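Please work through each task before reading its solution.

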Amino acid sequence: MSFFKKLKEKMTGKPDETTEKYKDGLEKTRTSFTSKVNDLIARYRKVDEDFFEELEDLLLQADVGFETVMELMDDLRFEVQRRNVKDTEGIQTAISEKLVDIYHKGEEGEGSLNMQDEGPTVILLVGVNGVGKTTTIGKLAHRFIGEGKSVMLAAGDTFRAGAIDQLQVWGDRVGAEVIRQAENSDPAAVMYDAVRAAKNRNVDVLICDTAGRLQNKVNLMNELEKVHRVIGRELPGAPHETLLALDATTGQNALIQAETFKEATDVTGIVLTKLDGTAKGGIVLAIRNKLGIPVKFVGLGEGMEDLQPFDAERYVYGLFAEGLEQEAAEAGDQGED
C-alpha cells in the first residue's frame with residue numbers, strides 16, 4: 001500500500017484538520033530540511049553513492065539521529081538495488097515509507113494511552129522545568145474533558161515558586177478540580193490526597209504534575225520512586241502512564257534528559273512540546289529509535305487543540321509535504337481510493 005493510501009486511511013472529516021496541523025506545525029523543519037532535499041534531488045537526478053552521502057548529512061542536520069539515519073540509508077540502498085532504481089524520481093516517497101517503518105518496527109498501537117475501564121486512570125507527568133509540562137497538563141485535561149471524561153489535577157510540583165498557582169489557572173480554565181497543598185509540601189502527600197479524592201469522586205482521569213528540579217540523579221530517582229509508591233499503594237496498578245515532557249527545540253539535549261528520566265522512572269511515553277518551534281523536527285525519530293520509548297503526543301502550536309496524539313504517517317507527511325504531493329500527483333496516486 002502506498003504512503004498516501006496509508007495516510008488517507010487515517011483521515012477523518014473534510015478537510016483533514018489533523019493532517020493540516022502536522023503540516024503547519026512542521027513548517028520550520030520542512031522549510032529548512034525539505035528544501036535542501038529538493039535541491040539535492042534537482043542536482044543529482046541519479047541515485048548514486050554521492051547522493052546517499054549528501055542525503056545522510058541532511059538527515060543528521062535535522063536531528064533524525066545517527067542510528068536512525070544509518071538504518072534508513074541501509075534500507076534505502078537495499079530498496080534501490082532491489083528495484084534497480086536509477087534516478088531520484090519518487091525518492092521522497094521511498095524515504096517517507098522507510099521512516100514510518102523504522103518508527104513502528106512492527107509495534108502498531110503502542111502510542112495509545114493505557115486508559116482504565118473502571119476507576120480513575122492516573123497519568124504522571126515528569127520533566128525538567130521550562131519544557132512546557134504544566135501547559136501540557138492543561139491541554140491534556142482539555143482533550144479529555146472534550147471527550148466527555150471528568151478530570152482532576154494534582155499539583156505535585158510543590159518546590160517551584162508559582163507552579164501550584166500556574167496549574168490552578170489551567171484547572172480553572174479547562175474546568176478541572178485541582179488538588180493542592182502549600183508550597184514546599186511533600187509531593188507524595190499531594191498525590192495521596194489526589195488519588196483518594198479521585199476515587200471518592202469517581203473521576204475518570206487524574207493527571208499529576210511533578211517537580212522538574214534536577215539537583216542530581218539520585219535525588220530525582222528517590223522523589224519519583226516515592227511518588228510512584230504512594231500512588232500505587234492507594235490505587236494498585238497506578239500510575240497507568242508516566243509521560244515525559246521534552247522540549248523539541250533543545251534538540252539533542254532532549255535525548256540526554258530522556259535518558260536520565262528513563263533511568264529514574266518507568267517512562268511509558270514522550271510528550272514532545274514546541275515541535276512547531278524547531279527546524280530540527282527529526283528529533284522525534286531519534287528519541288524513538290535510540291530510547292525505544294513511543295512519542296504519544298506532540299505540540300504543534302500554541303492553541304488548546306494543538307497538542308495532538310502522535311501519528312507517524314502524518315508526522316512524516318509534515319516533513320515532506322510538498323515533495324510528496326508533487327510525487328503523488330505525478331504518479332496519479334493522490335486521487336486513488
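**Exercise 1: A residue in its helix**

H104 lies in helix α6. The model is a predicted one.

Task: Determine whether H104 is buried or exposed, and which residues H104 touches.

Solution. Step 1: the relative accessibility of H104 is 14%. Step 2: the cut-off for buried is under 20%, so H104 counts as buried. Step 3: leaving aside residues up to four places away in sequence, H104 touches R288, A312 and E313. Step 4: H104 and R288 are 184 residues apart along the chain, and their C-alpha atoms are separated by 9.0 Å.

**Exercise 2: A helix pair**

Task: Describe how α6 and helix α12 (residues 283-291) pack.

Solution. Step 1: two packed helices are described by the angle between their axes and the distance between the axes. Step 2: for α6 and α12 the angle is about 40° and the axes are 9 Å apart. Step 3: their crossing is left-handed. Step 4: L99, I102, Y103 and H104 of α6 meet V284, L285, R288 and N289 of α12. Step 5: by class, this contact has five nonpolar, two polar and one charged residues.

**Exercise 3: A kinked helix**

Task: State the span of α3 (residues 27-44), locate its kink and identify what its buried residues pack against.

Solution. Step 1: α3 has 18 residues and reaches 25 Å from first to last C-alpha, close to the 26 Å expected. Step 2: a kink of about 25° is centred on F33. Step 3: the buried residues of α3 include F33, V37 and L40. Step 4: the buried residues of α3 pack against α2, α4, α6 and α13. Step 5: R45, with a positive phi near 70°, follows α3.

Definitions and conventions: Residues numbered from 1 in each chain as written. Predicted model: local features only at pLDDT ≥ 70, side-chain atom pairs only at ≥ 80, totals over all residues. Heavy atoms only, no water. Helix = DSSP H or I, 4+ residues; strand = E, 2+ residues; numbered from the N terminus. Expected span 1.5 Å × (residues − 1). Bend = angle between axes of the 7 residues up to and from the residue. Buried < 20%, exposed > 50% of the residue type's maximum accessible area, 1.4 Å probe, protein only. Contact = heavy atoms within 4.5 Å. Axes fitted to C-alpha atoms, helices over the stretch in contact; angles between N-to-C directions. Left-handed = near helix turned anticlockwise from the far one by under 90°. Nonpolar A, V, L, I, M, F, W, Y, C, P; charged D, E, K, R; others polar.
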